[in-house]
Amino acid sequence: MITEKFDFLLQPQLRAEFEREGIRLEFKAGDILVEPHKYIKIVPLVLRGNIRVIRQNEDGQELFIYYIKEGQSCAISLSTMMMDKISNIKAIAEEDIELIGIPSAVARRWYETYPAWRWFVLSTLDFRYDEILSTLDNVAFKKIDERLISYLATKSESLQRNILNITHQEIAKELSTSREVISRLLKQLEQRDMLKLFRNKVEIISLV
């Protein structure tokens, strides 16, 4: 049940508005849900699947920030929506997903009206704040090989599978480094029996 994923819906009046205002949406793996420099029109509440959130600069360079999983929402979308600002992120369906979209105007009204929704928004912001700090720590304080291991572990855990369909170039892009560096480091991890490499695919054995 949806109430098991989002406990703010235990409030009957809010649940009634949710069922009336919420828009059920489905996306295929690879679909772009949010683009930089555009207004975010809905707040996503993920029912199934994973969304990858990345930061993209004007040169097209990308940096992975976090995943939005089942039962979660996007803190950056919530913050941007509340302030009525344009997006500074890109959100991509990591796999086929199903979500409920709450129109921005409705979400802002709920924030003023329903304490349960306000708590959900604030707790989401707090949780994602810690994840963003972790991303900054990885970039600032960890070597690229440590960042690579962390990235692969996070991706594997998020998707709940040990075979990742991803290219060396895609990994390099999200870690803001070169494909040559990633290929060399992946080969080293393979030699240490931590993973196996295939064409456009990485099989995780153990990253501990």
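Asparagine 200 is partly exposed, with a relative accessible area of 44%. Here buried means under 20% relative accessible area, exposed over 50% and partly exposed in between, with a 1.4 Å probe and protein chains only. The model is predicted: local features need pLDDT of at least 70, side-chain atom pairs count only at pLDDT 80 or more, and totals for chains, interfaces and linings use all residues. Residues are numbered from 1 along each chain as its sequence is written, and side-chain values use heavy atoms, without hydrogens and water.

Asparagine 200 sits in the loop between strand 9 and strand 10. Helices (H or I, at least four residues) and strands (E, at least two) are DSSP runs, numbered from the N terminus. The phi of asparagine 200 is positive, about 55 degrees, although the residue is not a glycine. Histidine 37 is also not a glycine, and its phi is positive at about 70 degrees. Histidine 37 belongs to the loop between strand 2 (32-34) and strand 3 (42-48). Its relative accessible area is 56%, so histidine 37 is exposed. Most residues other than glycine have a negative phi.

## Strand 4 and its partners

Strand 4 (residues 51-56) is largely enclosed by the rest of the structure, because 5 of its 6 residues are buried. Strand 4 pairs with strand 5 in the antiparallel sense, over 6 bridges; two strands pair if DSSP finds at least two bridges between them. Valine 53 has tyrosine 66 of strand 5 as its bridge partner. The hairpin of strand 4 and strand 5 has 5 residues between the strands, and glycine 60 takes a positive phi near 90 degrees there.

Strand 4 also pairs with strand 6 (residues 90-93), antiparallel over 4 bridges. In that pairing, isoleucine 51 stands opposite alanine 93.

## A buried glutamate

Glutamate 62 is found in strand 5. Its relative accessibility is 6%, so glutamate 62 counts as buried. Neighbours within four places in sequence aside, glutamate 62 is in contact (heavy atoms within 4.5 Å) with Ile54, Arg55, Gln56, Lys90, Lys173, Glu174, Leu175 and Ser176.

## The nonpolar cores

The largest nonpolar core has 24 residues, of which Leu148, Leu152, Ile171 and Leu186 touch the most other members. Two or more residues each come from strand 5 (62-68), helix 6 (144-159), helix 7 (168-174), helix 8 (179-191), strand 9 (195-198) and strand 10 (201-204). Helix 6 gives the largest share, 5 residues. A nonpolar core is a set of buried Ala, Val, Leu, Ile, Met, Phe, Trp, Tyr and Cys residues joined through side-chain atoms within 4.5 Å.

Leucine 152 touches Leu164, Ile171, Leu186, Leu189, Leu195, Ile204 and Leu207, residues up to four places away in sequence not counted. Apart from this core lies another, of 21 residues, with Leu47, Ile102, Tyr111 and Tyr114 among them.

## Helix 6 against helix 8

How do the axes of helix 6 and helix 8 cross, and within what distance do they come? They cross at roughly 75 degrees and come within 10 Å. Helix 6 and helix 8 are therefore roughly perpendicular to each other. Helix 6 contributes Ile144, Asp145, Leu148, Ile149 and Leu152 to the contact, and helix 8 contributes Val181, Ile182, Leu185, Leu186 and Leu189. By class, the residues of this contact are 9 nonpolar, no polar and 1 charged.

The axes are lines fitted to C-alpha atoms over the stretch in contact, with angles from 0 to 180 degrees between N-to-C directions. Angles under 35 degrees count as roughly parallel, over 145 as roughly antiparallel, 65 to 115 as roughly perpendicular and the rest as oblique. Ala, Val, Leu, Ile, Met, Phe, Trp, Tyr, Cys and Pro count as nonpolar, Asp, Glu, Lys and Arg as charged, and the others, Gly among them, as polar.
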